[in-house]
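Please look slowly at the sequence and the model shown here, and keep both in view while reading the paragraphs that come after them.

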Amino acid sequence: MDQYVTCPYNSNHRPLKFRLQCHLAKCPDRDEINFETCPFNATHIYRKGQKESHFENCESRGDLERNVYQVGNSSTRNNEVLARSMPPPRINNENEESWDDYDAPTYHPQQYAMNANVLRNAPPAPPAERRRFAENERRRLSGIQRRQN
Ligand SMILES: [Zn+2]
Ligand SMILES: [Zn+2]
């Protein structure tokens, strides 16, 4: 079913939903002085000064943030969160605790994102998990060698 929406510039305009973006670009009542376009969705128009209240309800914003979270930057973001939530390293124990180990976890960024909520409160890749990963790698490599022989 075709869905009509109301033009934010003039409520007498009732473009079809899928044409709204097109209509907004050409709308004779287009008003860039008093209105702003949502940075997350070009069909979201709100009055200047209502940015915050729009963002609270903007579903595109949530979509975008979820995508960003899953697609790439998750490890960076997690590290940022970790950096903020972790106590500063104790200078006395500098040589005992290798904080470098917790930096830049280059493997399994996907898994990372999935466990994000847990990992926020725990160091990424606990020793047991690193052992398991190393073991899997060993098994995988020896499998490759066997096939080659
Ligand atoms: Zn219009
Ligand atoms: Zn929006």
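The paragraphs below go from the whole chain to a few single residues.

This is a predicted model, in which local features need pLDDT of at least 70 and side-chain atom pairs count only at pLDDT 80 or more, while totals for chains, interfaces and linings use all residues. Residues are numbered from 1 along each chain as its sequence is written, and chains are lettered from A and ligands numbered from 1 in the order in which they are written.

The protein chain holds seven helices and two strands, where helices (H or I, at least four residues) and strands (E, at least two) are DSSP runs, numbered from the N terminus. Of the 149 residues in the protein chain, 7% are buried; a residue is called buried if 20 or more other C-beta atoms lie within 10 Å of its own, exposed if 12 or fewer, and partly exposed in between, with C-beta atoms placed from the backbone. Two residues are in contact if their C-beta atoms, placed from the backbone, lie within 7 Å, and among the contacts in the protein chain with a separation of 6 or more, 24% join residues 24 or more positions apart.

We begin with Gln3, which lies in the segment before helix 1 (20–26). Gln3 is exposed because 8 other C-beta atoms lie within 10 Å. When neighbours within four places in sequence are left aside, Gln3 is in contact with Leu16 and Lys17, and the C-alpha atoms of Gln3 and Phe18, 15 residues apart in sequence, are 8.0 Å apart in space.

Strand 1 (residues 35–37) includes Thr37, and Phe35 is also found in strand 1. Phe35 counts as partly exposed because it has 16 other C-beta atoms within 10 Å. Not counting residues up to four places away in sequence, Phe35 touches Pro8, Tyr9, Ile45, Tyr46, Arg47 and Lys48; between Phe35 and Ile45, ten residues apart along the chain, the C-alpha separation is 6.5 Å.

How many other C-beta atoms lie within 10 Å of Thr37? There are 14, so Thr37 is partly exposed. With residues up to four places away in sequence again set aside, Thr37 touches Ala42, His44 and Ile45, while Thr37 and Lys48, eleven residues apart in sequence, have C-alpha atoms 9.1 Å apart.

Finally, Asp63 has its place in helix 3 (residues 59–71). Asp63 counts as exposed because it has 12 C-beta neighbours inside 10 Å. From C-alpha to C-alpha, Asp63 and Phe40 are 8.9 Å apart in space, and 23 residues apart in sequence.
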